[in-house]
Amino acid sequence: MKARVFVTLKPGVLDPQGKAIHHALEGLGFSGVQDVRAGKLIELELADGTSDIAIEDMCRKLLANTVIENFRIERLETAA
Amino acid sequence: MRSAVIVFPGSNCDRDLAVAIEQVTGRAPAMVWHRESELPDGTDFIALPGGFSYGDYLRSGAMAARSPIMRAVSDAASRGVPVLGICNGFQVLTETGLLPGALMRNAGLNFVCRPVGLKVENSQSLFTSQYDAGENIIIPVAHHDGNFQADASTLDRLEGEGRVAFRYTEQVNGSSRNIAGILNDAGNVLGMMPHPERALEPAHGNTDGRRLFEGLLETVAA
């Protein structure tokens, strides 16, 4: 099975990279972009039956720094 | 004083730090590879050097914080052994949870590499006893991720408990309240972005960093 982990900065945490991307979009002439926040997508290839609790544990212990980041897990069941 | 410098893959200030420690204490530190699970017997000072451990993959300091030696460092810290993390070492200490907050990308996005002004906010700690309270010193910084962030209640607690050791006297990287270095609640763990080992001898152009190591030596040797 596969799982995707989305790691995003908590609301209110300054995101200098998001700001730079925002400026670059404006520089390219895209108007109407109100805000940009950059995050990470981590794809995990897991043994079948890996529990949600185990994936959450991975997120808390390494994949996200919960001082500044939130995470969201999306399980992708592989087609049989 | 029996010092240990922890070396991670990608550390690049480990040798400068070792030279600084040997010059001031008269004894070369043990260089301890990150895969070790124990520190040399009798280690009474641990230093985490600057650099780019694991290429800053995932987050600066994130992978190094989970390496085997860090369990021994955490145990030693809880027993009161002084631990100093400089630059990437500071990032490793926040990732390990030995210090609060996080070090994020510099607000201006640029790598900042220059001498900066610091104010010594706490001159009572075992690292800063050779400085005067409120003294202004100059120490070089060289980092991309030095923007210290923590929630307001954590910042208030750090300020209230005298745990802000150093504060920038100028805008450097966007850090909350211009914080450059903080102590843990017991006062034996210091993390700082500036590099005191780069301001040690007249040839460096400035010796303001030397007193940090001298103060430590005096406290540990006492």
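What radius of gyration does chain A have, and what would a compact globule of 80 residues have? Chain A has 16 Å, whereas such a globule would come out near 12 Å; the radius is taken over C-alpha atoms, and the globule rule is 2.2 Å times the number of residues to the power 0.38.

Before you click further, some ground rules. This is a predicted model, in which local features need pLDDT of at least 70 and side-chain atom pairs count only at pLDDT 80 or more, while totals for chains, interfaces and linings use all residues. Residues are numbered from 1 along each chain as its sequence is written, chains are lettered from A and ligands numbered from 1 in the order in which they are written, and side-chain values use heavy atoms, with hydrogens and water left out.

**Stop 1: chain A**

Select chain A and colour it by secondary structure. Helices (H or I, at least four residues) and strands (E, at least two) are DSSP runs, numbered from the N terminus.

Chain A exposes about 5,200 Å², with carbon and sulfur atoms supplying 55% of it; accessible areas come from the Shrake-Rupley method with a 1.4 Å probe, and for residues only the protein chains shown count as cover. Of its 80 residues, 28% count as buried. Buried means under 20% relative accessible area, exposed over 50%, and partly exposed in between (1.4 Å probe, protein chains only).

Now turn to contacts, meaning heavy atoms within 4.5 Å. Among those in chain A between residues at least 6 apart in sequence, 69% join residues at least 24 apart.

Zoom in on A:His22, in helix α1 (residues 16-27) of chain A. A:His22 is buried, with a relative accessible area of 13%. Leaving out residues up to four places away in sequence, A:His22 touches A:Val33, A:Gln34, A:Asp35 and A:Val36.

**Stop 2: the A/B interface**

Show both chains. Here 14 residues of chain B are in contact with 16 residues of chain A. About 1,200 Å² is buried between the two chains, and carbon and sulfur atoms give 69% of that; buried area is the accessible area (1.4 Å probe) that two parts lose on being put together, summed over both.

Which residues of chain B lose the most area to chain A? Select B:Leu58, B:Arg59 and B:Met104, which together make up 43% of what that side buries.

**Stop 3: the sheet in chain B**

Two strands pair if DSSP finds at least two bridges between them. For an example, take β1 (residues 3-7) of chain B, which pairs with β2(B) in the parallel sense over four bridges. Pick B:Val5 and you will find its bridge partner, B:Met31, in β2(B).

**Stop 4: helices on the sheet**

Eight of the nine residues of α4(B) are buried, so the helix is largely enclosed by the rest of the structure. Just after α4(B), B:Gly97 takes a positive phi of about 90°.

**Stop 5: loops of chain B**

Go to B:Asn106, in the loop between β5 and β6 of chain B. Is B:Asn106 buried or exposed? At 1% relative accessibility, B:Asn106 counts as buried. Its C-alpha atom is separated by 5.0 Å from that of B:Asn147, 41 residues apart along the chain. Among the residues that B:Asn106 touches, not counting those up to four places away in sequence, are A:Pro16, B:His143 and B:Asn173.

In the loop between β5 (102-104) and β6 (112-120) of chain B, you also find B:Leu109. B:Leu109 has a positive phi of about 70° although it is not a glycine, and at 27% relative accessibility B:Leu109 counts as partly exposed.

Finish at B:Asp56, in the loop between β3 and α2 (62-65) of chain B. B:Asp56 is not a glycine, yet has a positive phi of about 60°; at 21% relative accessibility, B:Asp56 counts as partly exposed.
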